[in-house]
Amino acid sequence: MRRNRAEKRKIIPDPLFQSERVAQFINYVMRSGKKAVAQNIVYGALNIVVQRRDGINKTIWDDADARQAALKYFEEVLDAVGPTVEVRPRRVGGATYQVPIEVKFERRIALAMRWLIGQANMRKEKGMEEKLACEMIDALNDQGGAVEMRRNAHRMAKANEAFAHYQW
């Protein structure tokens, strides 16, 4: 027998941006409980993105405008990478169909973060900070591995839209 769903835990906002979404991203980047290392990676990557996109020498640690720009770019990246539809398998009468389903907002953000980090890991640049920054810049320019994953998800949903009536 199924029990109640687990409660959603409240995420404590990160210290620099006071944003729950950035804190969630830091938690995704974190390995072996090393949160300070993950924070340095994420903040460093956002700093690189702001400096390359805006061409300014101010850092996100010193300048409030740079922090605002970094947060804006981060939201744009998540929006560019997050899928709106995906396919889920459904068994109907012995056959399994890939049924396109609209992605809920929370899952969309989680997938975007996961794809960003996964694709950044596969890049050739030196250091995770640089890899993540380059993947974010590519996402802002509508290219890169994470955006390609989104396109693949949408392509699969489009190819299987004939089975959309199996949603429930």
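Two strands pair if DSSP finds at least two bridges between them. The legends below apply to a predicted model.

**View 1. Antiparallel pairing of strands E1 and E2.** Strand E1 covers residues 85–92 and strand E2 covers residues 95–102. The two are joined in the antiparallel sense over 8 bridges. Arg90 has Tyr97 in E2 as its bridge partner.

**View 2. The hairpin of E1 and E2.** Between the strands lie 2 residues. Gly93 adopts a positive phi in this hairpin, near 55 degrees.

**View 3. Packing of helix H2 against helix H5.** Two packed helices are described by the angle between their axes and the distance between the axes. For H2 (residues 35–54) and H5 (residues 128–140), the angle is about 45 degrees and the axes are 8 Å apart. H2 is therefore oblique to H5. Their crossing is right-handed.

**View 4. Residues in the contact of H2 with H5.** From H2, the contributing residues are Asn40, Ile41, Gly44, Ala45, Leu46, Ile48, Val49, Arg52 and Arg53. They meet Met128, Glu129, Glu130, Leu132, Ala133, Cys134, Met136, Ile137 and Leu140 of H5. By class, the residues of this contact are 12 nonpolar, 2 polar and 4 charged.

**View 5. The salt bridge of Lys10 and Glu20.** Side chains of opposite charge can pair when their charged atoms come close. The N to O distance between the side chains of Lys10 and Glu20 is 2.5 Å. This pair links distant parts of the chain, 10 residues apart: Lys10 belongs to the segment before helix H1 (20–29), and Glu20 to helix H1. The count of salt bridges comes to 12.

Methods
Residues are numbered from 1 along each chain as its sequence is written. This is a predicted model: local features need pLDDT of at least 70, side-chain atom pairs count only at pLDDT 80 or more; totals for chains, interfaces and linings use all residues. Side-chain values use heavy atoms; hydrogens and water are left out. Axes are lines fitted to C-alpha atoms, for helices over the stretch in contact, and angles run from 0 to 180 degrees between N-to-C directions. Helices (H or I, at least four residues) and strands (E, at least two) are DSSP runs, numbered from the N terminus. Angles under 35 degrees count as roughly parallel, over 145 as roughly antiparallel, 65 to 115 as roughly perpendicular and the rest as oblique. A crossing is left-handed if the near helix is turned anticlockwise from the far one by less than a right angle, and right-handed if clockwise. Contact means heavy atoms within 4.5 Å. Ala, Val, Leu, Ile, Met, Phe, Trp, Tyr, Cys and Pro count as nonpolar, Asp, Glu, Lys and Arg as charged, and the others, Gly among them, as polar. A salt bridge is a side-chain nitrogen of Lys or Arg within 4 Å of a carboxyl oxygen of Asp or Glu.
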